[in-house]
Amino acid sequence: MSRPLLVVDGDSFAHRAYHGLPKTIRRAGDRPAGAIVGFANMLLRLWEGERPRAVLVAWDTLGEPTYRNRAFPAYQSGREFDAELLEQLELLPVLSSALGAAVARAAGYEADDFLAAAAAAEEAGGGTCVVATSDRDAFQLASARTTILQPVRGVSELARIGPAEVVERYGVEPGQVPDFIALRGDPSDKLPGARGVGPKTAAGLLRRYGSLEGALADGRLAAEADDLRLYRRLATLDASAPLPPLPDREPARAAAAALAREWGLAGLAGRLETWEAPSTS
């Protein structure tokens with residue numbers, strides 16, 4: 001049986017690691033290291049559990065606006081990150097690469113866009129994909145060939161989300177998720193949605209009309225049509241995001257362990273050195 005491509009939302013798991021582990025975890029120079037250690041442990045668990053043919057870790061480019069910010073200035077506005085988290089976010093792509101993962105990061109794109117691009121490319125090649133993220137926008141990627149892994153508690157327990165689970169949770173098909181978000185809104189991204197429309201109403205409209213456009217064509221929510229089309233565009237992941245090459249690749253525990261020792265993380269280095277990396281052959 002062919003192994004899946006594992007695609008990880010790096011920012012999503014880094015944030016969970018940072019907030020889930022003590023801030024007393026430090027590296028050389030008394031610099032913060034909780035997010036680094038927690039993220040590395042999570043990535044090793046995913047590698048062990050999924051036995052992928054290769055791993056891609058996707059990252060946001062903080063401080064660089066995307067078309068979403070330009071089209072809707074309120075998009076994700078007001079987000080503030082601790083300085084110690086930001087410092088570690090700059091190091092985590094380096095650690096990911098040292099461990100043998102491909103890294104996707106480019107100005108103008110969010111991590112989610114690389115998830116969509118990787119899933120589309122892997123499916124087009126006849127493969128399967130496992131997407132690890134806590135962002136429910138990625139539910140739109142669920143298919144017969146792509147499964148979403150969503151953290152339930154910290155990063156130790158993961159729910160497997162396929163098309164049936166999307167329908168169970170949202171009442172819509174994966175392909176309708178951007179329309180659902182546009183109608184319902186998304187507080188985390190500062191998308192207001194349609195006035196007076198909550199999750200149940202949004203799902204009901206999509207079951208009746210099939211799409212946002214179908215509802216608008218029937219005269220529903222006409223006064224908000226342009227805004228709702230914009231929200232749907234913002235909620236739609238961009239599968240044209242540029243990807244690095246993704247050949248089959250074994251994890252490189254020795255290189256990652258050496259980097260961890262260089263950073264003064266002896267405990268993490270020891271785990272990497274003794275880690276029984278799963279074979280991708």
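This note goes through a predicted model in numbered points, covering a strand, charged pairs, aromatic rings and a helix.

1. Basis. Because the model is predicted, local features need pLDDT of at least 70 and side-chain atom pairs count only at pLDDT 80 or more, while totals for chains, interfaces and linings use all residues. Residues are numbered from 1 along each chain as its sequence is written, and side-chain values use heavy atoms, with hydrogens and water left out.

2. Strand S1. Helices (H or I, at least four residues) and strands (E, at least two) are DSSP runs, numbered from the N terminus. Buried means under 20% relative accessible area, exposed means over 50%, and partly exposed is in between (1.4 Å probe, protein chains only). Strand S1 covers residues 5–9, and five of its five residues are buried. In a regular strand the side chains alternate between the two faces of the sheet. In S1, Leu5, Val7 and Asp9 point one way, and Leu6 and Val8 point the other way.

3. Neighbours of S1. Two strands pair if DSSP finds at least two bridges between them. S1 runs parallel to strand S4 (residues 54–58), with five bridges joining the two. Val7 has Leu56 as its bridge partner in S4. S1 also runs parallel to strand S6 (residues 129–132), and here four bridges join them. The bridge partner of Leu6 in S6 is Val130.

4. Side chains of opposite charge can pair when their charged atoms come close. A salt bridge here is a side-chain nitrogen of Lys or Arg within 4 Å of a carboxyl oxygen of Asp or Glu. The whole structure has 16 of these salt bridges. One of them joins Glu122 and Arg53, at 2.8 Å from N to O. Glu122 is in helix H5 (residues 111–124) and Arg53 is in the loop between helix H2 (34–50) and S4, so that the pair links distant parts of the chain, 69 residues apart. Glu122 counts as buried at 10% relative accessibility, and Arg53 counts as buried at 14%.

5. Which residue meets the side chain of Arg53 in a salt bridge of 2.9 Å, N to O? The partner is Asp248. Asp248 lies in the loop between helix H10 (225–235) and helix H11 (253–262), so the pair with Arg53 ties together parts that are 195 residues apart in sequence. Asp248 is exposed, with a relative accessible area of 53%.

6. Arg105 and Glu90. These two residues form a salt bridge in which the closest N and O atoms are 3.2 Å apart. Arg105 is in the loop between strand S5 (102–104) and H5, and Glu90 is in helix H4 (residues 83–98), 15 residues apart. Arg105 is partly exposed at 32% relative accessibility, and Glu90 is partly exposed at 47%.

7. Aromatic pairs. Rings of Phe, Tyr and Trp (its six-membered ring) pair if their centres lie within 6.5 Å; planes under 30 degrees apart count as stacked, over 60 as edge-to-face and the rest as tilted. The structure holds six aromatic pairs. The ring centres of Phe39 and Trp59 are 5.5 Å apart and the planes are at 45°, so this pair is tilted. Phe39 is in helix H2 and Trp59 in the loop between S4 and helix H3 (67–71), 20 residues apart. Both Phe39 and Trp59 are buried. For Trp47 and Trp275 the centres are 6.2 Å apart and the planes at 70°, so the pair is edge-to-face. Trp47 lies in helix H2 and Trp275 in the segment after helix H12 (266–274), so parts 228 residues apart in sequence are tied together. Both Trp47 and Trp275 are buried.

8. Helix H7. Is this helix (residues 177–184) enclosed or open? Seven of its eight residues are buried, so H7 is largely enclosed by the rest of the structure. Among the buried residues are Val177, Phe180 and Leu183. The buried residues of H7 pack against helix H6 (163–170), helix H8 (199–209), helix H9 (212–217) and H10 (contact means heavy atoms within 4.5 Å). Gly185 follows H7, and its phi is positive, near 90°.
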